[in-house]
Amino acid sequence: MISLNRSAFLNTNNNSLGFSGISSSSSSPSQRKASGVVVLCCGNGRGGLDGKGKVRAFTLKETMDEAAILEMDSKSTVGGGVQDVYGEDRATQDQPVTPWAVTVACGYSLLRDPHHNKGLAFTEKERDAHYLRGLLPPACASQELQERKIMHNLRQYQVPLHRYMALMDLQERNQRLFYKLLMDNVEELLPIVYTPTVGEACQKYGSIFSRPQGLYISLKEKGKVLEVLKNWPEKRIQVIVVTDGERILGLGDLGCQGMGIPVGKLALYTALGGVRPSACLPVTIDVGTNNEKLLNDEFYIGLRQRRAKGQEYAELLQEFMTAVKQNYGEKVLIQFEDFANHNAFDLLSKYRSSHLVFNDDIQGTASVVLAGLVAALKLLGGTLAEHTFLFLGAGEAGTGIAELIALEMSKQTKAPLEETRKKIWLVDSKGLIVSSRKESLQHFKQPWAHEHEPVNNLLDAVKAIKPTVLIGSSGVGRTFTKEVVEAMASFNEKPLILALSNPTSQSECTAEEAYTWSKGRTIFASGSPFDPVEYNGKTFVPGQANNAYIFPGFGLGLVISGAIRVHDDMLLTASEALAAQVTQENFDKGLIYPPFSNIRKISAHIAAKVAAKAYELGLATHLPQPEDLVKYAESCMYSPAYRNYR
């Protein structure tokens with residue numbers, strides 16, 4: 001007979017009720033197996049809770065007849081096999097069954113739990129203790145050997161999207177191995193899990209979709225968002241990345257298929273910033289799409305309707321923001337990702353005073369670009385205020401970068417922000433933004449409307465303004481033409497050119513074009529990666545102004561300090577911390593960013609500086625402040641090494 005004591009615990013990994021202290025008086029294999037942990041799972045994922053959300057202890061009698069369990073292997077159905085205790089064979093569409101299951105948390109189920117699966121790394125002792133004999137081949141393989149095998153297999157794929165799919169499959173099978181792989185091979189795998197390959201993955205997400213990752217909140221869930229959040233199995237969420245899919249990279253409206261972006265960003269939060277995976281939640285807000293191709297695609301996974309806007313859109317976002325704070329508290333970081341300009345600025349402005357919010361496209365991009373500019377001053381000479389900046393692109397990225405540069409100038413020179421903005425010029429689709437256009441401009445462009453005669457195109461703007469720094473954030477590829485780069489080189493000994501648009505196909509120019517057209521004199525960085533370039537016998541290594549330098553460490557700093565709001569000074573601090581990590585060896589190669597191979601160390605230093613600023617501003621709640629914030633940040637970082645099981 002199986003007996004249960006009442007020392008129950010809530011299994012937080014699958015949000016179901018488990019019982020410890022189960023004993024068996026029988027020595028048969030089927031009954032001995034029940035001496036492990038019994039997990040009772042209900043279809044709504046809350047099998048261990050009573051109606052008031054409290055833990056309720058079940059007995060096996062309450063879920064199924066105990067005698068039937070013990071005799072399952074002795075009674076056969078007509079067709080052979082075990083008795084249909086659940087009534088599944090008799091179920092029809094009109095006569096449904098409740099999806100209860102009784103399993104032991106070991107054996108077959110353990111091998112299919114991505115949080116705890118170790119593949120062939122289970123030791124002989126663990127295989128005995130957890131009923132894995134026969135379920136695995138006899139060989140034992142360390143995590144390091146598994147890592148080498150996976151990398152060997154990945155390198156056989158010729159198509160980057162196939163590598164992406166293999167990595168996502170690994171994440172769903174063996175979470176720790178996935179993060180170990182990503183951390184140890186970050187420079188090779190970053191372009192796969194992040195830009196540019198993630199862009200193609202989002203475009204084809206419906207076709208490659210196999211298992212849901214993250215939480216989908218559509219207009220169908222309006223009025224029930226809090227309930228939907230509670231369906232997510234993890235309860236201690238610290239970072240949420242949310243998108244509505246309207247402006248995915250430079251690819252436009254991909255609707256529900258934008259989920260690839262939050263999933264990819266949070267993978268980097270863990271691998272690069274050390275935020276543990278169980279504390280991360282990817283969310284896609286599905287309000288429809290205006291992409292006709294997707295609406296007519298039989299494999300599209302989202303709502304088949306035109307994109308909602310106005311009050312209906314605002315109400316769903318308001319419900320989501322309220323539910324997040326209600327369910328996860330004041331200190332959960334909400335990162336807005338790839339919202340269209342008209343919503344991105346409004347959402348950030350609306351919620352920055354009431355929630356811990358951060359827009360990576362506006363603030364993260366700005367912070368990483370500012371870091372590159374601060375570092376580049378060692379190659380260019382002078383201060384920020386002594387340089388003139390020209391942007392191609394006046395959307396959320398362009399105006400966000402411009403504002404942070406102006407803030408840093410103001411901080412350094414003590415000049416009013418209105419004055420430092422005058423060193424920065426922006427070009428949009430209608431030409432140079434000047435004061436005569438002010439009345440027709442969107443509100444976020446108006447601060448950049450300076451006194452100047454109208455200029456219709458980028459080349460004429462470059463010749464008129466004579467900038468020392470040219471920054472592209474337009475999302476339109478090949479707009480830094482040969483004439484534009486040659487013009488920059490004609491009045492700058494070392495022109496600084498940043499082609500930031502993603503993915504690679506949308507970059508304003510390639511690294512090879514920038515170095516060749518400037519005769520090897522440009523300092524170049526891009527948003528997506530480019531290979532080293534040889535010109536006149538010299539090898540140039542292009543830098544990558546990748547947001548992944550900033551947001552993982554920035555988020556970690558907010559988490560470890562318990563910050564309740566994001567302040568602009570934190571972004572400036574993060575930029576300065578990143579710039580400080582660029583070594584003379586990097587400068588000698590023409591780099592203005594440090595190598596990604598040191599990204600965890602870089603993230604720890606950024607986190608420490610951001611946390612210190614949170615304490616200084618009185619926005620931190622984790623008190624008292626640790627003495628050594630760098631060591632504290634490193635100690636808080638997630639480690640993907642396999643754990644030993646009892």
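**View 1. Helices H8 and H13 are roughly perpendicular to each other (angles of 65 to 115 degrees).** This is a predicted model: local features need pLDDT of at least 70, side-chain atom pairs count only at pLDDT 80 or more, and totals for chains, interfaces and linings use all residues. Residues are numbered from 1 along each chain as its sequence is written, and side-chain values use heavy atoms, without hydrogens and water. H8 spans residues 175-184 and H13 residues 260-271; they pack at about 75°, with axes 10 Å apart. Axes are lines fitted to C-alpha atoms over the stretch in contact, and angles run from 0 to 180 degrees between N-to-C directions. Helices are DSSP runs of H or I with at least four residues, strands runs of E with at least two, numbered from the N terminus.

**View 2. Side chains at the contact of H8 with H13.** H8 contributes Phe178, Tyr179, Leu182 and Met183. H13 contributes Ala267, Leu268, Thr270 and Ala271. Contact means heavy atoms within 4.5 Å.

**View 3. A cis peptide bond joins threonine 195 to proline 196.** Omega is near 10°. Proline 196 lies in the loop between H9 (186-193) and H10 (197-203).

**View 4. A cis peptide bond joins leucine 623 to proline 624.** Omega is near 0°. Proline 624 sits in the loop between H26 (599-616) and H27 (629-636).

**View 5. Leucine 249 has a positive phi, near 50°.** Leucine 249 belongs to the loop between strand E8 (239-243) and H13. Its relative accessibility is 15%, so leucine 249 counts as buried (under 20% relative accessible area, 1.4 Å probe, protein chains only).

Conventions:
Angles under 35 degrees count as roughly parallel, over 145 as roughly antiparallel, 65 to 115 as roughly perpendicular and the rest as oblique. Buried means under 20% relative accessible area, exposed over 50%, partly exposed in between (1.4 Å probe, protein chains only).
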